[in-house]
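Subject: Structure handover

Hello,

Here is the structure you asked for. My notes follow below it.

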Amino acid sequence: GQLGLSKGGYTALANTASNGIPVGGLRYALRRCITDMFRGNDVLFVFDSKTDKNQYFDGYKSNRTRNPEIYVQQMIFEDIIRGCNLPYLKKDGYEADDLVAYAMSKIKFQYNHIMIVTSDMDLAGNLCVPGAEIEGSSSNVPSITKDNFETTVKSNQLIEYNLILPYFMFFGKPSNNVKAFRDKATNVKLLQDFKEFCISKGIAEGNRSLLNTFAQWLQFCNQNQTLSSDDIVELLNRTKFIYPKPLADAIPFDTEQCRDKVNKERLAFFLKTLNLDS
């Protein structure tokens, strides 16, 4: 089996409907995911909501400007998914990154192959799940796995697939307006120290991007006084907007037999409207 987790937020193509509304991203998303579903694969659509992570970091994503073409398509896409009774996840206060991580934790033993369709490399930590791939994140590589991650995600840098979130912790995330923790030499050493800690404690490779593992390392640093208490507090605060936000309550979702629940009449209407019915 295969589960395609499709994150709302596709790049708009130079295609517009007769009324002038951009539909390039919609066409790509529906063609890619609906086709996959009717080939017998399970599909789950995941959408962003307004996040509350800016309460921990005042400038979180404040450097971004909303692209009207993408925003319009996101709203239409969500309406299509809801109207056609397709399985999706969305929750107030949670970004799609948070919900994809949640879904992956729930279904990681149900599928041999899981394809995450996204252009957001924040989701690379999910490659720790066996059989996971990311499609749509690189123009040069058709898919990204833990085996080719080091050479496809960051140009001129080698970053192991299971260290992407610790890397963001120390080196920051310019796309989210998060600055580096300290100078480059210090950050390099901290990332290496974290990796050596994982090796020394026998932490499995697939668990090195977990929040719990980073918290264990901070506790180790506190006990051995290798980091100041101020540094530890600052890093703990950074985890709140670097790592996926844990869900306080479970969200039920059903991807099994989703093809039987689809409103096919409405889906046919949307496919015809977007010239995808052929």
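The protein chain has 9 helices and 6 strands. Both are DSSP runs numbered from the N terminus: helices are H or I with at least four residues, strands are E with at least two. This is a predicted model, so local features need pLDDT of at least 70 and side-chain atom pairs count only at pLDDT 80 or more, while totals for chains, interfaces and linings use all residues. Residues are numbered from 1 along each chain as its sequence is written, and side-chain values use heavy atoms, with hydrogens and water left out.

Overall fold. Of the 278 residues in the protein chain, 48% are buried (under 20% relative accessible area; exposed is over 50%, partly exposed in between; 1.4 Å probe, protein chains only). The accessible surface is about 14,500 Å² (Shrake-Rupley method, 1.4 Å probe). Carbon and sulfur atoms account for 48% of that surface. Take the contacts (heavy atoms within 4.5 Å) between residues at least 6 apart in sequence: 66% join residues at least 24 apart.

Cores. The largest nonpolar core has 55 residues. A nonpolar core is a set of buried Ala, Val, Leu, Ile, Met, Phe, Trp, Tyr and Cys residues joined through side-chain atoms within 4.5 Å. Met-104, Phe-149, Phe-170, Phe-214, Trp-217, Leu-227 and Leu-235 have the most contacts inside it. Elements giving two or more residues to this core include strand 2 (42-46), strand 4 (113-117), helix 5 (164-171) and helix 6 (184-200). Another core, of 19 residues, lies apart from it; Met-37, Phe-45, Leu-267 and Leu-274 are among its members.

What does Leu-235 touch, leaving aside its neighbours within four places in sequence? Its contacts are Met-169, Phe-170, Phe-181, Phe-214, Trp-217, Leu-218 and Leu-227.

Helix 3 (96-107) gives the largest share, 6 residues. Helix 7 (211-224) and helix 8 (229-242) each supply at least two.

Val-72. This residue lies in helix 2 (residues 68-83). Val-72 is partly exposed, at 28% relative accessible area.

Best wishes
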